[in-house]
Amino acid sequence: MSQVNEMQAQLRKVAAELLENDTVGYIIGWGATRFPDRTTPVFIHEAKDADKLMWNEYCVNGLAKYVLDDKIKAKKIGICIRGCDSRAINRLIIDNQIKRENVYLIGLPCEGKADKIKCGKCAHKNPVIHDVLIGDLVAETPVTDRFKAVEDQEKLTSDEKHAYWKGVYDKCIRCFACRNVCPVCSCKECFADQYRVGWQGKQNNSTENWNYGLTRSYHVGDRCVECGECERVCPMDLPLMLQNRKMLKDINELFGDYECGLSEEDRAPILGDYDLSDRDEFM
Amino acid sequence: MLLDKKRLKEALAILSRDAKVLVPMEVDGVAKFTPWDGQKLPSLDMINTTLPPKDALFPQTEKMYNFTTGPNAQIAEVQGTEKQVLFGVRSCDARSIDCMDKAFLTGTFGDSFYSKKRENLTIIAVGCVKTGPFCFCDSMGLDPSSAPNADVQLADLGDAYAVTAQTERGTAVLDQWKSLLTEGEGDAPKPKCVLQVSVPEDFPKKLMGMFEHPIWDEVSKPCLGCGTCTYVCPTCYCFDINAEKHGHEGTEFRCWDSCMFSDYARMAGGHNPRPSKKERVRNRYLHKLAYFHEQHGQLLCVGCGRCVQKCPSNMDITRFIDMAGEAMNNG
Amino acid sequence: MGDDHVCTYDKNPLIPQVCKIIFIEQETPDVKTFRFQTLDGKKPFAPLPGQLGMLSLLGTGEAMFSITSQGEDYIEISIKRCGLLTEALHEAEVGQLVGLRGPYGNHFPLKEAEGLDLLFVGGGIALAPLRPFINYVKANREKFKHVDILYGSRSPEDLVFKRELFEAWPTMPDTNMHVTVDKGAAGYEGNVGFVPTYMEELAFSPEGKMVVLCGPPIMIKFCLQALFRMGFSKEQVITTLEMRMKCGIGKCGRCNIGSKYVCVDGPVFSMAEIDELPDEK
């Protein structure tokens, strides 16, 4: 039995126990679709259904966002988390969106999934927080090219950058998949839904699309856990992580080494915290 | 009649003389129907474009009228439409235009923005020689190799297309192509979809009766409430009306909207009749599979598979149909 | 409802015409009635009682309202301040230009109501859609039998259309007025109590009667319970539904309840028809 299959078996066993002994009300995980190379988020409520949980290279979707759907929690929510999901959970805790005691975290070390773009720059394959660990921790590989694409972009002239991003936002269809899938986009009311004339215009053109995309990127800012979900789900294949990583690179340069959501007692949200030693040469 | 594939560019050039010819092409990484550049051969071998051709009749943003405000307020309808040819449309997308015709052209009011564009549109369909992993049009009552509502049907014979006019407008196209066509006929492949869905008898009516069924809780859970399924759908036609204003001048436009968005049905006082993903997913599936059928006698799903392919959560309308069918059989 | 839809607008139904506000009346602290006329001094369109009009402040927004009244050369819309657009409309002055398109939707079953006793029940701003029906009955009084008008609002100052409530309608032959407020105030001598409670006190007989009921959802709910207790059937009760609307012509998709679009198949429905629709209002 391959290691992945062993993990899947262990996951199902643990899930069944958690449901059986009432530790959790239900478990969010990955389940089968009718296509062998795709999974879909599943919500398992009964121990007898634990066998519907899958663990394979097609468990691509981020799951952390789904813990926000449940407003009134009778019991803990069990959730399967990889490194990326765990960082999102931490950030949701820091942002007071969920309480640590309301979630039960089933950690799954992850060697990277079938989506190479999403997982290519992953620096945290192991869940950084968990209540139970399935399988063994895997070796982390240092990422040397985290900001490589950003550096290449920075070498362009303003005009070249403008042309590049205009091309990007000419293609955007404003389906809001990037926003809705983002585990840390947790505003109850989004600026992009304020369709007053003169605010975020609903017309589709590169100016309005750009306004949406850039504002969103700024607003996610230091909350980006680099899960790559926005880029994965974009039906127009827009390079959204390039934009997010530009934000992160600037944050790193201005405020020191920073990765979001590495612990539940993370340093105060960088962009929400004022420090006398902050650089202020723009003043 | 036969059109040699070597003469395809000439055929497109003839059509381009008095119309904007939209062909399936990949532009900057996005496969869509785009004005033919007069040079490149259209990508007729791709199964389906990422974006459907609905933009030709129902643009994502369409100006309706210009206005000035203040003491001399004026309203002027945005006029003008050009002739368009949709070339290389698949059966599913051709049927989607039939669906939109029913939505926009029938009922108490017609939609004159749509009807003006529709009157100026020629549809040239091409039969599929193979189907993709997400195609299920034959389960929706379509034939991948024929589009009955197209003006001209092309059938791929390998080196040539068999060309059949299906309407008067189609006959006019064949007239224009007279010098390019040769006598002959042949048998084109008749592919079947791999993805098969069993739609039970009386499905729409039975589904109407399942409004309060627990199935909606289950199928809606993975939904993230984005508009991907509706924007890549060739038949989704919901729109919003909004304005753009600079000083005293502005433009009222309509634009694609999505019933999956949380604010879509929310009223001025804040009440929302479809407050959660359950109600919104239910409304979309019921519109496709029941409401539209009650209004127009056909499904609003053409089996193109785009929503199945592109859903961020891998939600799958074919799986829903099967699940609902099972629930119907079980009582 | 039974009657055919009537569209008196012969142009592109999505394009408004520029109209002028020629009169504004402050009905209550948060309700104003606006009178609109075309720039050449005509009635913008001729709605039937219950029909709707799409009113826009160009560049600010557009929303659907019920047409509450009309004259030879104007139509009237009563607007309660409750959102961005209505806020801006309440700032408008006589002479300001707006966009208007319509009429949309079906209308009250005027023919079916002939020869019947009529009981109009309204709450708050929702007297606005009932008003044209009541005025139609007043103008064609011989076609209808006994009329009862039961209307309530939160307080005496929130009563809309006071001239009609206290002068015009009480003088209609064979007509009983029943006005009530949730909470009284100094100088007010009428009934105090909720509409459904007052309705039960008045003990209407269902015999040969049509009920036309418009009000906030909570009032509708309790009024229906009271009506059914009095022996009314759901076929006898007519009401109007409200959903968010954008196009008004049954295309844009947001005002559907099941396969019905409130903007073309409504807003007027009988409770029997509403019972057939999915519960999504």
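Let's start in chain C, with one pair of residues. C:Val31 has C:Lys80 as its bridge partner in S5(C). One thing before I go on: this is a predicted model.

So what surrounds that pair? Strand S2 (residues 31-38) of chain C pairs with strand S5 (residues 74-80) of chain C. The two are antiparallel, and six bridges hold the pairing. S2(C) has another partner too. Strand S1 (residues 17-28) of chain C joins S2(C) through eight bridges, again antiparallel. One of the residue pairs there is C:Ile24 with C:Phe34. How many residues sit between S1(C) and S2(C) in their hairpin? Two.

Stay in chain C for the backbone. There is a cis peptide bond between C:Gly102 and C:Pro103, with omega about 0°. C:Pro103 is in strand S6 (residues 97-104) of chain C. Another cis bond links C:Gly266 to C:Pro267, and here omega is about 10°. C:Pro267 is in a loop, between helix H7 (262-265) and strand S15 (268-270) of chain C.

Next, positive phi. C:Phe161 is not a glycine, yet its phi is positive, about 50°. Look for C:Phe161 in the loop between strand S8 (147-153) and helix H4 (162-168) of chain C. Buried or exposed? C:Phe161 is buried, because it has 25 C-beta neighbours inside 10 Å, and the cut-off for buried is 20 or more.

B:Asp202 is in the loop between strand S10 (181-182) and helix H5 (203-208) of chain B. This residue is exposed, because 11 other C-beta atoms lie within 10 Å, and exposed means 12 or fewer.

Now the interfaces of chain B. First, chain C. The contact involves 36 residues of chain B and 35 residues of chain C. On the chain B side, the elements giving two or more residues are strand S4 (61-68), strand S5 (74-77), helix H2 (91-105), S11 and helix H8 (277-296). S11(B) gives the most, five residues. By class, this side has 20 nonpolar, eight polar and eight charged residues.

Then chain A. Here 31 residues of chain B meet 30 residues of chain A. Helix H7 (228-232), strand S11 (239-246) and strand S12 (249-256) of chain B each give two or more residues. Which element gives the largest share of this side? S11(B), with five residues. The classes on this side are twelve nonpolar, ten polar and nine charged.

One element to remember: S11(B). It gives five residues to the side touching chain A, and five to the side touching chain C.

Methods:
Residues numbered from 1 in each chain as written. Chains lettered and ligands numbered in written order. Predicted model: local features only at pLDDT ≥ 70, side-chain atom pairs only at ≥ 80, totals over all residues. Contact = placed C-beta atoms within 7 Å. Helix = DSSP H or I, 4+ residues; strand = E, 2+ residues; numbered from the N terminus. Nonpolar A, V, L, I, M, F, W, Y, C, P; charged D, E, K, R; others polar. Pairing = 2+ DSSP bridges.
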